[in-house]
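Open the model in a viewer and follow the stops below. Each stop says what to select and what is found there.

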Amino acid sequence: MKMLINVPETVVADALRGMAAAHPELAVDVENRVIVRRDAPVAGKVGLVSGGGSGHEPLHGGFVGPGMLSAACPGEVFTSPVPDQMVRAAAAVDSGAGVLFVVKNYTGDVLNFDMAAELAEDEGVQVAKVLVNDDVAVTDSLYTAGRRGTGATLFVEKIAGAAAEEGQPLERVEAVARQVNENSRSFGVALSAVTTPAKGSPTFDLPSGELELGIGIHGEPGRERRPMMTSGEIAEAAVDAILQDLTPRNPVLVLVNGMGATPLLELYGFNAEVQRVLGERGVPVARVLVGNYVTSLDMAGASVTLCQIDEELLRLWDAPVNTPGLRWGV
């Protein structure tokens with residue numbers, strides 16, 4: 001497989017150097033693998049820290065900035081960051097108002113963020129944690145006990161980030177983050193396998209005439225394989241899988257997310273089908289976001305995330321945000 005890299009061993013460091021050059025508003029520590037908004041710590045503001053394996057960009061580093069994350073910790077490709085990164089990030093963003101860790105539910109991430117929380121608290125930083133586990137496709141998959149954390153991570157980081165930006169206290173920011181996660185469900189589909197730089201070839205075999213329903217963002221197995229389906233059929237399968245687990249009483253936020261190699265032309269067409277299915281199922285839609293946000297390197301495919309919201313969550317979603325990967329209202 002051809003990749004626009006130097007060598008696999010330096011792919012994350014090279015990307016961080018490039019990010020630093022493109023975004024002077026961020027303080028990018030290439031050696032220690034921490035990305036921090038340059039004005040941190042902000043007086044009286046709760047710090048939001050997240051992170052995970054690289055390969056899901058713009059998640060998480062692309063979501064650092066006003067209105068979203070205070071810092072992010074990138075690990076090696078598809079590998080959890082280490083506690084030292086998280087402790088360093090927490091110290092860099094703590095203003096005395098406390099720090100919220102946003103953790104996707106993968107075993108390595110959970111263990112390392114738990115350890116980092118203990119270490120940070122030993123250094124006098126008040127830490128709260130929220131686990132994101134929105135994927136309805138499977139339970140107890142590769143790398144995970146329980147449900148996987150996927151697209152809802154963006155909703156949690158944006159909405160909790162807006163609450164923090166307003167100066168809301170740690171317990172409130174944590175409660176908002178938990179509410180968003182509890183109200184969110186996701187389902188993904190792969191049209192091709194993912195190729196990591198270290199392996200240089202697809203990490204699993206997916207024949208050209210098949211797709212995998214319920215795929216994870218590291219190429220973890222899904223629910224089932226089927227012969228290739230139309231965009232409309234995939235939308236029905238994804239939305240119905242979510243609605244079996246979530247019965248919205250309020251309007252929803254919709255994320256139609258590309259896995260990395262699916263062009264926007266196809267994603268917007270897929271969104272049209274998702275909107276059709278939601279309309280047929282009687283689900284009102286408040287806002288829609290389409291694009292590549294929680295990706296899996298070069299995997300072709302998409303995921304759908306729905307988040308049931310109330311007026312307060314919608315207000316926080318609409319609040320200004322200014323990050324490399326998400327920006328409006330500024």
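A crossing of two helices is left-handed if the near helix is turned anticlockwise from the far one by less than a right angle, and right-handed if clockwise. By that rule, α6 and α7 cross in a right-handed way. Keep in mind on this tour that the model is predicted.

Stay with this pair and select residues 231–243 for helix α6 and residues 264–280 for helix α7. Their axes come within 8 Å and cross at roughly 50°. The pair therefore counts as oblique. Now show the side chains where they meet: on α6, these include Ile 234, Ala 235 and Val 239, and on α7, Phe 270, Val 274 and Val 277 are among them. By class, the contact of α6 with α7 has 7 nonpolar, 3 polar and 4 charged residues.

Next, select residues 152–165, helix α4, and residues 170–182, helix α5. These two pack at an angle of about 155°, their axes 9 Å apart. An angle over 145 degrees counts as roughly antiparallel, so α4 and α5 are described that way. The crossing of α4 and α5 is right-handed. Residues in the contact include Phe 155, Val 156 and Ile 159 of α4, and Val 173, Val 176 and Asn 181 of α5. This contact has 10 nonpolar residues, 1 polar residue and no charged ones.

Last, select His 60, in the loop between β3 (47–54) and β4 (71–77). Is His 60 buried or exposed? Its relative accessibility is 4%, so His 60 counts as buried.

Terms used. Residues are numbered from 1 along each chain as its sequence is written. This is a predicted model: local features need pLDDT of at least 70, side-chain atom pairs count only at pLDDT 80 or more; totals for chains, interfaces and linings use all residues. Side-chain values use heavy atoms; hydrogens and water are left out. Helices (H or I, at least four residues) and strands (E, at least two) are DSSP runs, numbered from the N terminus. Buried means under 20% relative accessible area, exposed over 50%, partly exposed in between (1.4 Å probe, protein chains only). Axes are lines fitted to C-alpha atoms, for helices over the stretch in contact, and angles run from 0 to 180 degrees between N-to-C directions. Angles under 35 degrees count as roughly parallel, over 145 as roughly antiparallel, 65 to 115 as roughly perpendicular and the rest as oblique. Contact means heavy atoms within 4.5 Å. Ala, Val, Leu, Ile, Met, Phe, Trp, Tyr, Cys and Pro count as nonpolar, Asp, Glu, Lys and Arg as charged, and the others, Gly among them, as polar.
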